[in-house]
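Open the model in your viewer and keep the selection panel handy.

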Amino acid sequence: MATVECSGLRKCYGSHEVIRDFNLSIADHEFVVFLGPSGCGKSTLLRMIAGLEDITGGDLLIGGTRVNDNDPGERGIAMVFQNYALYPHMSVRQNITFALERAGDSKERIAKRLAPVVESLGLDVYLDRKPTELSGGQQQRVAIARAMIKTPEVFLFDEPLSNLDAKLRGHLRVEIARLHKTLKSTSIYVTHDQLEAMTLADRIVLMYQGRIEQMGTPEEIYSRPATLFAAGFIGTPNMNFITFTVQEGRLRDGTLDLPAPEGVTGHVTLGIRPGAVEVLDAPAHDAIPAVVERDEFHGETRLVALTCGVQGLMAAIPAARKLHEGQNLFIRFPSQSLHYFNTDTGRRL
Amino acid sequence: MRLGRSLPVVFLGPALMVLIILAAVPTLYAFNISLQNRTLSAPDADYIWFANYLAMFSDDRFLNALWVSLKWEVLTVSATMIVSMGLAIAMFEAASPRWRKVLSILFIIPVLLPRVCAAFVWKFSFHPLYGAVTWPARAITGDTPDILSSPAGAMFAVAFVDVWQWGLFFAVIILKLLEALPPQPLEAARIDRAKRWEIHAYITLPMLKLPLISLLLVKAIESLRSFDLVYVMTRGGPGVATETLDMYAYSQGFIEAGNISYASGMAVVMLVLTVVMFTVIWKRLNQ
């Protein structure tokens, strides 16, 4: 069990800086998810923590010790890879026990440690098979078992579920959450899938272009996105954005007329999640007229594209409520669900 | 339907015809001759059936040639594989991509040389008075070491040239195979506390088992055809120390006795031994 501390971590490929001044401290037992679009540097960062990529600058501390120059094997970590990275010529048993054999453990000790790990992941019957004879989900279970048996201080997951189909992904996600509960080891999990991040994380580190965009619990990031990027990246369906120029303390575009945050001038982007848009059949106080453009059935909900004056926006309504294209109705924005951002800096106001 | 049946024949027919003319005819002819007592000095010959074959087993020089051939196979094949794997791993671990390219080109050059040329170059390098290889020994001790005139020295020197040509070439192939491996299992092994050499011993080389076996067999077949190398460098000497089976057959047939039938018999024996041994080895290794 250990803490992980990154202070001023940098990574350059030649003169190209992909990660600059990355600061993060991860508490013992914490489950941290690095979330971001591809190319944001999250995998590079994980590989730097694992020791598979050199650290250009800054300090990396695991369990209070500086490990910048330690080999991957000496950092007390275990890693699960996106494409499983099993040793193809070895049986499942050999794959799992390889690290213990390298460390020189006795046969009895290895057998004793193997049993509970294999049992907890349901791999008993596959021990003598080769990885190619297993399905993707089973292979990833073997990879997780291989990581678990080392009883690492820090677990690293590099998009472990991305190669699996949706149903299996859900299964294994639950399994990883359960394992984290029982093992309680510090975990760092890299993904581009916000659902995985939201469901697994104690804390999400949202990354964009090599920087931390926002850091916080899933609820915090969802309910108070700190930047336009965070607001747009988290949440399905995507948040609606409407850009205004502040005029006399109001946000106006002809149809819409909303109060601007105090003391703000220039361009403002207003964000509202589709689920927060109130859709009314009859005029009401503060409601504005809108026309139904398109109606998408999503099962539980219905996603409706609306035109409201010159703006287009999406609203999520219960699926039971039927609307038809071209229908006139009214919408209202509850003031507590409005997010204001400075359009130029992208910062929350 | 009839077209579907005849199509394989259309495609395979010409190739099979060429193969039959080029391979089967000489083979059968050699077998036919080996049953006679034909020599280069006499115009006619009689069938003596298997007398040539029986004679071989009481011919010490034939048995020696058989033994030398076996030694030659084992020595050159194992040395080539060890040297090539060692060099490939060394390049993979230590050389930058640019150096790998440079070394790869350098390592391919020897095999591009016709073997006779390579043999002449090295024969001269091993020359006791003028050779580049023997120069340090001459300069330091004043002796003139004649490597090719001692039985073991000659064997190792010829094998060295063979490995120089093929070991370096195979090193390039194995390097490319290593580079083509997926990197993640190697990274996983590093995290699993495997040392550098352990990664290769337990992960990369076992992952390359099948291509390595193919290379081994290619080299084994290639080693059988080393007549030109031996012929130029030692002519089977000193004495019969490097006289492989094909070398001895050539001597019997064309240099010494002109005993064509006896030489053909040896060629047939060699063919049968090769086919049997390679079939066994191939089946074994592919299990």
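Start with helices H8 and H9 of chain B: H8(B) passes H9(B) in a right-handed crossing (the near helix is turned clockwise from the far one by less than a right angle). Helices here are DSSP runs of H or I with at least four residues, strands are E runs of at least two, and both are numbered from the N terminus. Select Pro185(B), Leu186(B), Ala189(B) and Arg190(B) on H8(B), then Ile199(B), Ile203(B), Thr204(B) and Met207(B) on H9(B), to see the residues that make the contact (heavy atoms within 4.5 Å). By class, these are six nonpolar, one polar and one charged residues.

Before moving on, a word on the model. It is predicted, with local features needing pLDDT of at least 70 and side-chain atom pairs pLDDT 80 or more, while totals for chains, interfaces and linings use all residues. Residues are numbered from 1 along each chain as its sequence is written, chains are lettered from A and ligands numbered from 1 in the order written, and side-chain values use heavy atoms, without hydrogens and water.

Now zoom out to all of chain B. You will find 13 helices and zero strands, and the C-alpha atoms fill a box of roughly 80 × 75 × 30 Å along the principal axes. Of its 287 residues, 41% count as buried (under 20% relative accessible area with a 1.4 Å probe, protein chains only).

Next, switch to chain A and select residues 42-50, helix H1. Eight of its nine residues are buried, among them Lys42(A), Arg47(A) and Met48(A). Step just past the end of H1(A) to Gly51(A), which takes a positive phi of about 95°.

From Lys42(A), go to Glu159(A), as the two touch. Glu159(A) sits in the loop between strand E7 (154-158) and helix H5 (166-183) of chain A. Is Glu159(A) buried or exposed? Glu159(A) is buried, with a relative accessible area of 8%.

Last stop: Asp193(A), in the loop between strand E8 (186-191) and helix H6 (194-200) of chain A. A polar atom of its side chain lies 3.2 Å from the backbone nitrogen of Glu196(A). Leaving out residues up to four places away in sequence, Asp193(A) touches Leu35(A) and Arg169(A).

Note on methods:
Nonpolar A, V, L, I, M, F, W, Y, C, P; charged D, E, K, R; others polar. Buried < 20%, exposed > 50% of the residue type's maximum accessible area, 1.4 Å probe, protein only. Polar contact = N/O pair within 3.5 Å; in protein donor to acceptor, adjacent residues only side chain to side chain.
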